[in-house]
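Work through the following exercises with the sequence and the structure open beside you. Try each task before you read its solution.

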Amino acid sequence: MEGKVGVFICHCGGNISDYVDVEKVKEAISGLPGVVVSTTTMFACSDAAQQEIIDSIEDEGLDGIVVASCSPKLHLHTFRGVAARAGLNPYRYVHVNIREQCSWAHRKDRDAATEKAVALIRAGVARALRSESLERFRVETRPSVLVVGAGISGLRSALALSEMGLSVTIVEREEEPGGFFRKVRNAYPGGLDGREVVDSLLSEVAARENITLFTGAQVVEKKGTVGDFQVKIRVSDGSTVTLLVGAVLLATGFEPYEPAPGEFGFGHPRVVRLPEFLELLDGGRGMSLLKDGDTVAFIYCVGSRGTKGCEEARPGDYCSRYCCGAAVHTACRLAEVFPGVSQYHLFRDMRTYGKLEALYEEASREGAVFLRFPGDSPPAVVPDGERLLVRSKDTLLGGEEVEIAADLVVLVTGMVPRENSGLVEVFKVPVGRDGFFNEVHPKLRPVETVIDGVFIVGAGQGPKTAQEAVASALAGSAKCASLLLKGYVELEPFVAEVDRDLCEWCGECEKVCPYGAIRQVHCEGKEVAEIVPALCKGGGSCVPACPKGAIDLAGFRDSQIRAMIDALAGGGA
Amino acid sequence: MRGPRILVFSTINISDPGIDLAGASHMEYPASVEVIPLPCSSGIRPSWIIHALKRGFDGVFIAADGGDCAYHPDCTTLTGKVVERAQEMMREEGIDPGRLKMAAICSVCAEAFVSHMKKFSRYLEKAGGRE
């Protein structure tokens with residue numbers, strides 16, 4: 001391969017050079033064909049070292065550079081920037097990780113670590129020699145956002161976005177906005193009334209000129225890409241409206257788990273879910289199902305953590321997070337309204353994190369009895385005349401069988417995602433095995449999805465308390481605004497390309513692409529596949545799907561990967 | 001190079017950070033393990049696997065995205081197909097299909113990665129080097 005590559009090997013102040021003989025690496029690399037600069041540096045990321053790399057690119061006329069240093073998660077963008085400042089296309093830069101994946105992992109064998117560093121850099125040089133100039137796509141953005149869902153997360157997001165100068169359209173499927181929180185009469189902490197909170201948010205929304213709220217409306221179609229989406233919605237009178245927005249924020253929330261018929265006695269008039277029980281309790285002592293002297297049994301983890309109350313049950317495998325706190329909060333309120341009622345709480349593990357622990361202690365003080373059942377052997381609920389017998393093992397009593405004659409059984413049901421299949425189909429946002437929307441990275445990119453410009457907030461992403469849902473809503477709004485207020489976006493250029501000479505349209509590539517980025521076109525007398533770059537996410541599943549090997553991913557081409565394998569295996573670059 | 005040579009295909013956003021974490025936590029695994037990161041494990045060409053085995057690698061390990069994949073909800077199935085086809089090709093070439101392994105490695109799966117590498121190394125040691 002022709003080309004002039006410069007290789008910069010970082011000591012990382014000893015993090016690398018204490019375990020890898022960087023001088024030896026430098027010598028081994030300097031002899032490779034195409035390598036015109038091979039040098040070591042104490043900290044490649046320092047300002048001075050960056051300037052040296054820039055000088056090298058300019059003085060030697062380099063057309064590719066390799067920096068062997070830490071993980072690309074830390075400095076890939078730093079060195080792409082260095083290349084750009086020296087007038088070199090940033091995609092002619094190759095990052096080689098010889099810290100996390102070499103020096104730090106092989107500290108006890110300097111020779112082996114040194115040999116591995118040489119091999120990794122050789123592969124980096126092979127890739128750099130075959131690198132090509134790629135251009136990120138620049139797309140102008142519209143200063144407007146579609147918020148799907150008018151629960152507490154969606155409403156709070158809309159206000160935050162509006163405050164930052166973006167115009168917002170909220171689309172709510174239900175006739176009445178407010179979501180689940182609207183039904184909560186007494187939220188912990190502070191005893192907030194959810195209806196009052198929602199009403200105050202709604203009056204604020206109504207007062208904003210740059211927010212429009214559609215209720216009884218649904219998203220039916222999405223076209224375009226980040227910064228410039230055209231979204232069609234069907235409004236309550238049946239007509240459709242097309243919205244032009246730069247980004248989309250999904251705040252679709254959750255619903256309480258619906259137990260299967262017979263699951264923990266569900267279906268019996270004296271077996272209710274926690275949300276319904278709370279509605280009854282909100283009515284005060286007038287509740288017909290309960291009087292002083294009665295016994296109430298709470299069963300936790302219904303619909304969560306794989307706790308199956310019967311064969312037909314389909315619980316989630318996850319912890320629903322809010323229910324332990326909600327149940328002990330309910331225990332305190334029940335003790336207040338019906339001081340003469342006995343309460344038994346059958347739980348798996350008590351997950352009253354943070355300040356909720358105080359509620360657990362208060363419930364215990366108020367006389368609630370807590371019994372712990374094993375996860376693989378949940379309680380059984382058997383109707384017995386007017387009452388219900390709840391049988392359970394109590395692991396706190398060494399697994400002893402206990403039986404509670406209850407007048408009312410409350411199922412502490414978890415959160416399940418709303419039925420969103422239509423929305424998933426429209427936005428192509430991946431959902432996890434649990435049915436909730438998937439973020440790109442749970443810690444590093446918690447409100448972004450793989451679909452650029454589509455964000456997820458609130459309990460639609462996973463179980464959250466109202467407090468956590470609003471925190472996520474504001475995070476999503478900030479990410480949305482930072483994307484749109486700049487006025488344009490740039491996209492990674494790693495997109496698939498079809499070799500039309502090799503392609504004999506069979507449709508296999510189209511089948512594996514979930515983004516609709518591949519279409520069949522007629523070209524020079526035959527049918528071939530065509531990639532729409534703005535829709536291609538660069539996952540590359542179409543590459544092995546093609547029986548003719550006609551598809552390559554820019555930046556990860558067949559020739560590049562093969563050359564890297566050769567170089568690692570010991571061949572030249 | 002010490003020990004059987006293993007080529008790992010990792011994924012930039014999911015398994016590569018997991019492998020990084022192993023190093024950052026100073027967990028040791030054989031230095032004869034080398035990594036090529038790609039966007040998604042479903043984009044690996046089976047021919048790359050054969051090429052690596054023919055060029056001197058003793059085994060290939062796919063550190064797959066699994067259920068965490070941000071590109072494909074059915075990433076595991078798609079990557080499974082890649083493995084299936086590669087193993088067919090290996091059989092045709094007279095290569096032990098056990099020299100290709102796949103496991104989901106997430107961004108915090110450092111321990112799992114290290115244990116896979118040690119186990120796979122032992123397997124390949126027993127299986128003997130390739131000519």
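**Exercise 1.** In this predicted model, find which strands helix H8 of chain A lies across, and at about what angle the helix runs to E14(A).

*Solution.* Begin with helix H8, which takes up residues 274–282 of chain A, and see that it lies across E14 and strand E21 (408–413) of chain A. Then compare directions: H8(A) runs at about 95 degrees to E14(A).

**Exercise 2.** Determine the order of the strands in the open sheet of chain A that contains E14, and explain why E14 and E17 have one side without a neighbour.

*Solution.* Step one is to trace the five strands, whose order is E14-E21-E15-E16-E17 with parallel pairing. Step two is to look at the edges, where strand E14 (271–273) and strand E17 (369–372) of chain A each have a single partner strand, so that one side of each is left without a neighbour in the sheet. Step three is the twist, which averages 25 degrees from one strand to the next. Finally, look inside the sheet, where five bridges join the parallel strands E15 (residues 295–302) and E16 (residues 342–347) of chain A, and where Val296(A) stands opposite Gln343(A) in E16(A).

**Exercise 3.** Describe how helices H6 and H12 of chain A pack.

*Solution.* First take the geometry: H6 (residues 152–163) and H12 (residues 466–484) of chain A pack at an angle of about 35 degrees, with axes 8 Å apart, and the crossing is right-handed. Next identify the residues that meet, including Ile152(A) and Ala160(A) from H6(A), and Ala469(A) and Cys480(A) from H12(A). Lastly, sort the residues of this contact, which divide into ten nonpolar, five polar and one charged.

Conventions:
Residues numbered from 1 in each chain as written. Chains lettered and ligands numbered in written order. Predicted model: local features only at pLDDT ≥ 70, side-chain atom pairs only at ≥ 80, totals over all residues. Axes fitted to C-alpha atoms, helices over the stretch in contact; angles between N-to-C directions. Helix = DSSP H or I, 4+ residues; strand = E, 2+ residues; numbered from the N terminus. Left-handed = near helix turned anticlockwise from the far one by under 90°. Contact = placed C-beta atoms within 7 Å. Nonpolar A, V, L, I, M, F, W, Y, C, P; charged D, E, K, R; others polar. Pairing = 2+ DSSP bridges.
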